[in-house]
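Have a look at the model first, then read on.

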Amino acid sequence: MGCERELGVKQFKGQALSWQVTSGVIELALHRGPCNELGSVALGELEHFTAALDDLEQDAHALIIYSELKSGFCAGADLRELYARSQTIERTQAVLGVRDFLERIHHVLNRIDAAPLTTIAAVHGVTFGGGFELALVCDLIIADKMARFCFPELRLGLIPGFGGIPRLKRDLGNAVVRDLLLTGRSFNATKAQQIGLVSQVVAEGEALRVARATAAQIGKFDRETAVAAKRFIKPIPHDELRHEIDVFCELFSRSAVQAALKKFVESTDAQPYLP
């Protein structure tokens, strides 16, 4: 990995993600196959990104998060890595490891959520689990018509653990949260726009282009006004986020969850996280 600054452009390229700043816009690209699963490598690089944000924000008014992979935006947590870790140590230690991972990723996502920038998720294809939660920290979600949103954690006996429940309640209310969380079904981009989750639905392959155009439009307005408005309308539900970690860890300790994870990692399906 490497980070450089030249001619007013800040750049980084890692194994799971890359970023650069041009014309006042930070673009954070996800590019770890098969579908940007969020494991230890991605978390470490996200922590590197948020550590750099204080500096990056000086030259920017907007942040765009998108995927370079055709498979989709992000399939969520790296469940294979999670299962492999849980098999090498006793269960109490495994739960402590999960808690540490969740606390670290919550810190990252809270930092992006609170950034004094207008943040845009440009999504396509699979936007599931932790990937859905990553999109939810952004101020705006622009989705191409093939995007699908889902919390598949129910199939494993878990709840979303990266802040999805409190942020959905903040943005949409309990009815939508219950639907996604208790049924495990997915929403397409049209449904997501109807319920207020997505601000724009665009043609296939156009999400990043439209996000860039939106970021350019945002740059025409006073940044301090946008920051003040964001603080007013987008509070971070810290207490509920901490409670979510507790509930996830309690569920993770159950034998049924370990059995479900084993079934997942042994699946021969190309994309076992799909409904």
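## A bridge between two strands

F149 has F187 in β11 as its bridge partner. F149 itself sits in strand β10 (residues 148-150); strands here are DSSP E runs of at least two residues and helices are H or I runs of at least four, numbered from the N terminus. β10 and β11 pair in the antiparallel sense, over two bridges, and two strands count as paired if DSSP finds at least two bridges between them.

This is a predicted model, so local features need pLDDT of at least 70 and side-chain atom pairs 80 or more, while totals for chains, interfaces and linings use all residues. Residues are numbered from 1 along each chain as its sequence is written, and side-chain values use heavy atoms, leaving out hydrogens and water.

## The sheet

Zoom out and you get an open, mixed sheet of four strands, in the order β6-β8-β10-β11. β6 (72-74) and β11 (187-188) are the edges: each has a single partner strand, so one side of each lacks a neighbour in the sheet.

F149 counts as buried because its relative accessibility is 0%; the cut-offs are under 20% for buried, over 50% for exposed and partly exposed in between (1.4 Å probe, protein chains only).
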